[in-house]
Amino acid sequence: MSRRCALVHGLYRNWTFSPDQASDTIGRMEMRRPIFRSDPARALALLRRAEVVHLATTTPDGAPVLRALDAAVLDDGVYFHGARTGEKVLCLGRPAVVSAEEVVARLPSTFTHQTHACSASTLYRSAQVHGSLVEVTDPHEKARALEGLMARRQPEGGYDPIDPADPEYAGELAGTLVVKVTLDRVDGKEKLLQNKAPEEIGRILTALWARGAPGDARAIEAVREANPRVPAPPFLAAEGVTLHAALGPEDAAATEALLRGEYWWEGFRPEGIGPAQLASSAWVGARAPDGALVASARAHSDGRYAWIYDVVVAQAWRGRGVGKRLFALLLDHPAVRRCPFVKLDTRDAQGLYAKFGFVDAETKRRFATSTQMVLVRGWADRRGGAAP
Ligand SMILES: CC(C)(COP(=O)(O)OP(=O)(O)OC[C@H]1O[C@@H](n2cnc3c(N)ncnc32)[C@H](O)[C@@H]1OP(=O)(O)O)[C@@H](O)C(=O)NCCC(=O)NCCS
């Protein structure tokens with residue numbers, strides 16, 4: 001491949017269309033590198049979590065149409081609504097494609113080559129649905145589509161269910177144009193180094209950890225998930241458990257279970273545990289060989305101070321070195337590693353943290369006369385179990 005060709009590696013080469021492709025040809029196009037294909041369920045999940053999706057179609061006279069849309073991705077179609085006078089009405093019955101993508105990480109050429117620009121690339125996920133644009137006329141299907149849109153826009157609820165039998169909704173339902181793109185074909189692509197040798201993947205993971213840009217820890221985990229046979233790189237090496245540079249929404253419930261009942265969460269709603277982890281600058285964990293999450297720790301960082309919270313190891317795994325190894329990983333996390341001050345509160349685990357050089361903060365006060373201050377709000381209510 002020429003250097004110029006290599007430079008355009010990236011999102012744009014996901015699917016390549018020639019200008020005169022007819023719609024049925026598009027429907028049959030094969031992905032150039034099957035190694036990157038992801039299954040339809042993952043592709044639909046990507047479309048569901050996308051802030052917006054893109055709809056591409058044509059008018060009957062062949063003019064291209066491209067729209068960014070808020071869509072409800074249900075099991076039988078990608079639904080959206082619009083005005084009866086809009087361009088979308090013109091396109092009803094036409095072949096259509098809906099797509100979404102997310103960049104996982106940009107890899108600079110210097111990760112893999114000292115001087116050549118050509119090895120720069122982008123790790124990404126993308127999804128495309130091929131189908132036809134059809135109007136939804138059944139009031140129950142329309143209601144289901146609009147419920148799907150409401151679930152995205154207002155997940156907290158606070159509205160009456162959209163029911164065609166409800167006179168409050170019946171008129172509006174009849175007057176609203178709801179269209180869907182049928183799921184004739186669902187394609188997913190995840191370009192996450194699956195075409196590289198394990199040693200090269202290991203080097204790139206190490207380079208991502210060293211760079212430590214926002215999202216790099218999550219990118220490391222995405223690459224490991226896509227390449228499960230690649231051994232853990234040295235910064236994640238551990239005995240008995242698998243360490244993770246980043247946890248995510250799928251780990252919130254397991255972390256809540258680990259932390260429920262720990263003394264520092266007393267008086268707070270346990271449902272707040274998951275969101276607290278997700279809002280952190282660093283959130284690391286360890287899994288047992290069966291995949292269960294058995295340890296978690298997190299930190300907030302502003303680049304100057306890092307505050308460590310929620311260090312926990314499952315009861316059955318305590319006393320085997322997991323806590324120390326996980327804590328070392330958290331200190332090495334890019335969000336924490338670069339902070340000159342790392343703080344934490346503990347009631348009785350001072351001995352653990354002393355092993356890493358932590359001392360009683362009272363002995364290291366920056367300003368001899370300063371006072372650490374706190375504003376306590378609604379604590380009495382919380383202790384009664386009421387919402388904060
Ligand atoms: C504290 C905790 C995370 C330690 O995890 P762990 O996997 O059991 O710890 P490790 O096996 O890696 O070893 C911890 C080391 O710290 C020492 N230590 C000191 N204080 C400790 C404490 N309160 N709890 C556990 N270990 C403590 C241990 O003796 C051990 O030292 P060693 O290596 O010389 O034997 C775990 O016990 C736990 O989850 N406790 C409940 C939650 C908690 O208290 N978290 C800390 C809040 S600040």
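Helices (H or I, at least four residues) and strands (E, at least two) are DSSP runs, numbered from the N terminus.

Residues are numbered from 1 along each chain as its sequence is written. As the model is predicted, local features need pLDDT of at least 70 and side-chain atom pairs count only at pLDDT 80 or more, while totals for chains, interfaces and linings use all residues.

The protein has 14 helices and 14 strands. Of its 388 residues, 27% count as buried (20 or more other C-beta atoms within 10 Å of the residue's own; exposed means 12 or fewer, and partly exposed lies in between, with C-beta atoms placed from the backbone). Among contacts between residues at least 6 apart in sequence, 68% join residues at least 24 apart, a contact being two C-beta atoms, placed from the backbone, within 7 Å.

A helix pair comes next. The axes of α7 (residues 198–211) and α8 (residues 216–226) come within 9 Å and cross at roughly 165 degrees; axes are lines fitted to C-alpha atoms, for helices over the stretch in contact, and angles run from 0 to 180 degrees between N-to-C directions. The two helices, α7 and α8, are therefore roughly antiparallel (under 35 degrees is roughly parallel, over 145 roughly antiparallel, 65 to 115 roughly perpendicular and the rest oblique). Ile201, Leu205, Leu208, Trp209 and Arg211 of α7 make the contact with Asp216, Ala219, Ile220 and Val223 of α8. These contact residues comprise 7 nonpolar, no polar and 2 charged.

Thr182 sits in the loop between β8 (177–181) and β9 (185–191) and is partly exposed, with 15 C-beta neighbours inside 10 Å. Leaving aside residues up to four places away in sequence, Thr182 touches Gly77, Gly131, Ser132 and Val134. Gly291, in the loop between β11 (282–287) and β12 (293–301), is exposed, with 8 other C-beta atoms within 10 Å.

Notes:
Ala, Val, Leu, Ile, Met, Phe, Trp, Tyr, Cys and Pro count as nonpolar, Asp, Glu, Lys and Arg as charged, and the others, Gly among them, as polar.
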